[in-house]
Amino acid sequence: METWKESQLKQLTFAKGIDTAYPILLRFAENLGFNFFAISVTSPRQVTKTNALQINNYPTQWNEQYEQLHYSEVDPVIAHCNHSMMPVIWNEALFSNAPRLWQGLQEQGLQHGWSQSFHHEASGFCSILSLARKHCPISPLELYEHFGYIFYAASHLSELFARTLPMAAKTRQPHLSSRELEILQLSAGGKTAYEISKILSLSERTVNYHVQNVIEKLNVCNKISAVIAAARAGII
């Protein structure tokens with residue numbers, strides 16, 4: 001992982017609010033070569049799909065047009081993200097049933113984009129991260145390289161938003177030892193077991209032992225899932 005990615009991942013992991021998370025994600029999107037970045041939270045379980053949160057750096061004219069013409073009701077990106085956590089690439093075929101929306105995106109410089117969602121089970125909300133730019137289609141390799149970070153960002157955003165809800169469900173958090181927390185935080189920063197063993201002056205076997213304990217305590221299947229689960233629970 002490049003140094004700047006590792007640094008921004010660590011900053012995002014410790015962001016305690018959406019107001020601090022958004023600038024971090026915007027810088028990340030810009031570093032990846034995107035002109036625009038948006039975060040939104042929708043409520044798929046409600047009969048009327050409403051946006052509980054929407055922050056972006058899209059052109060003001062486009063935001064006004066999108067709202068005035070009620071594009072959210074026909075937006076295929078929202079429809080996809082409300083039902084799937086697979087990434088979706090913006091293209092003309094995707095917007096075949098909403099040609100005016102597609103044309104508007106092209107006119108406003110939002111030609112090439114992709115969106116990633118995360119469904120927060122406890123609150124029922126769906127967070128969506130979208131990156132867009134004026135030039136160059138998004139290649140499968142580019143999507144593959146950045147998918148993990150964006151998926152993690154979407155999950156962390158969901159948890160941050162859920163914490164703002166007055167009736168947010170409070171789940172009992174598993175107890176992690178100080179050493180387990182230390183290793184989990186380093187893992188969140190992209191460090192391998194070998195690198196962590198050198199930093200903490202432990203054997204790699206001991207590091208893996210602690211990682212396995214964390215995985216079991218958080219009831220997940222691997223280290224990446226443990227980092228995501230810990231961030232969602234506010235443990236790290």
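Here's a quick briefing on a strand, a helix and the cysteines of this structure. It's a predicted model, where local features need pLDDT of at least 70, side-chain atom pairs count only at pLDDT 80 or more, and totals for chains, interfaces and linings use all residues. Residues are numbered from 1 along each chain as its sequence is written, and side-chain values use heavy atoms, leaving out hydrogens and water.

**Strand β1**
- Helices (H or I, at least four residues) and strands (E, at least two) are DSSP runs, numbered from the N terminus.
- In a regular strand, side chains alternate between the two faces of the sheet.
- On one side of β1 sit Phe 36, Ala 38, Ser 40 and Thr 42, on the other Phe 37, Ile 39 and Val 41, and all are buried.
- β1 pairs with β5 (residues 126-133) in the antiparallel sense, over 7 bridges; pairing takes at least two DSSP bridges between the strands.
- Phe 36 has Ala 132 of β5 as its bridge partner.

**Helix α7**
- α7 runs over residues 178-188, and its buried residues include Ile 183, Leu 184 and Leu 186.
- Among the elements covering those buried residues are α1 (3-13), α8 (193-200), α9 (204-217) and α10 (223-232), with contact meaning heavy atoms within 4.5 Å.
- After α7 comes Gly 190, with a positive phi near 95°.

**Cysteines**
- Searching the whole structure turns up 0 disulfides (pairs of cysteine sulfur atoms within 2.5 Å).
- Cys 136 is partly exposed at 42% relative accessibility, while Cys 221 is exposed at 65% relative accessible area.

Notes
Buried means under 20% relative accessible area, exposed over 50%, partly exposed in between (1.4 Å probe, protein chains only).
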